[in-house]
Amino acid sequence: QVQLVESGGRLVQTGGSLRLSCAASGRTFSGYVMGWFRQAPGKEREFVAHIVWNNNYAYYADSVKGRFTISRDSAKNTVFLEMNSLKPEDTAVYYCAARLVIMPKYNYWGQGTQVTVSS
């Protein structure tokens with residue numbers, strides 16, 4: 001019943017900015033961790049960032065630290081990923097995911113949105 005729908009991906013120039021959105025529905029997400037992952041062609045899916053819904057604690061992969069910001073709007077049940085100073089290596093399909101704080105594995109996933117950074 002949980003649904004995660006990403007949007008906002010598009011073609012952008014190197015150095016540009018983009019904001020991705022993840023609309024979450026199906027339940028209240030208190031007690032959940034919301035994450036962003038990405039997968040580039042020929043590569044494994046990798047962690048980008050997560051936010052703990054209840055306390056707003058954010059954590060980032062080293063590759064995006066200082067450039068990306070994850071946030072949430074509790075009233076709208078929406079998670080955002082603000083992407084700045086984009087590089088060609090940021091090109092990937094970006095996925096939104098969710099898990100209970102007490103669980104080790106993300107078990108809800110969105111369909112992905114394509115981000116392409118041109119050099």
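Buried means under 20% relative accessible area. The legends below use this cut-off for views of a predicted model.

**View 1. Cysteine 96 is one of the buried residues shown in these views.** Cysteine 96 has 0% relative accessibility, so it counts as buried. Cysteine 22 also has a relative accessibility of 0%, and therefore counts as buried.

**View 2. A disulfide links cysteine 22 and cysteine 96.** The structure holds one disulfide. The sulfur atoms of cysteine 22 and cysteine 96 lie 2.1 Å apart. The angle about the S-S bond is -75 degrees, and the link is left-handed. Cysteine 22 belongs to strand E3 and cysteine 96 to strand E9 (residues 92–100), so the pair ties together parts that are 74 residues apart in sequence. A disulfide is a covalent bond between the sulfur atoms of two cysteines.

**View 3. Strand E1 pairs with strand E3.** E1 covers residues 3–7 and E3 covers residues 18–25. The two strands run antiparallel and are joined by five bridges. Within this pairing, glutamine 3 stands opposite serine 25 of E3.

**View 4. Strand E3 also pairs with strand E8.** E8 spans residues 78–83, and six bridges connect E3 and E8 in the antiparallel sense. Leucine 20 is placed opposite leucine 81, a residue of E8. In a regular strand the side chains alternate between the two faces of the sheet.

Note on methods. Residues are numbered from 1 along each chain as its sequence is written. This is a predicted model: local features need pLDDT of at least 70, side-chain atom pairs count only at pLDDT 80 or more; totals for chains, interfaces and linings use all residues. Side-chain values use heavy atoms; hydrogens and water are left out. Two strands pair if DSSP finds at least two bridges between them. Helices (H or I, at least four residues) and strands (E, at least two) are DSSP runs, numbered from the N terminus. A disulfide is a pair of cysteine sulfur atoms within 2.5 Å. Buried means under 20% relative accessible area, exposed over 50%, partly exposed in between (1.4 Å probe, protein chains only).
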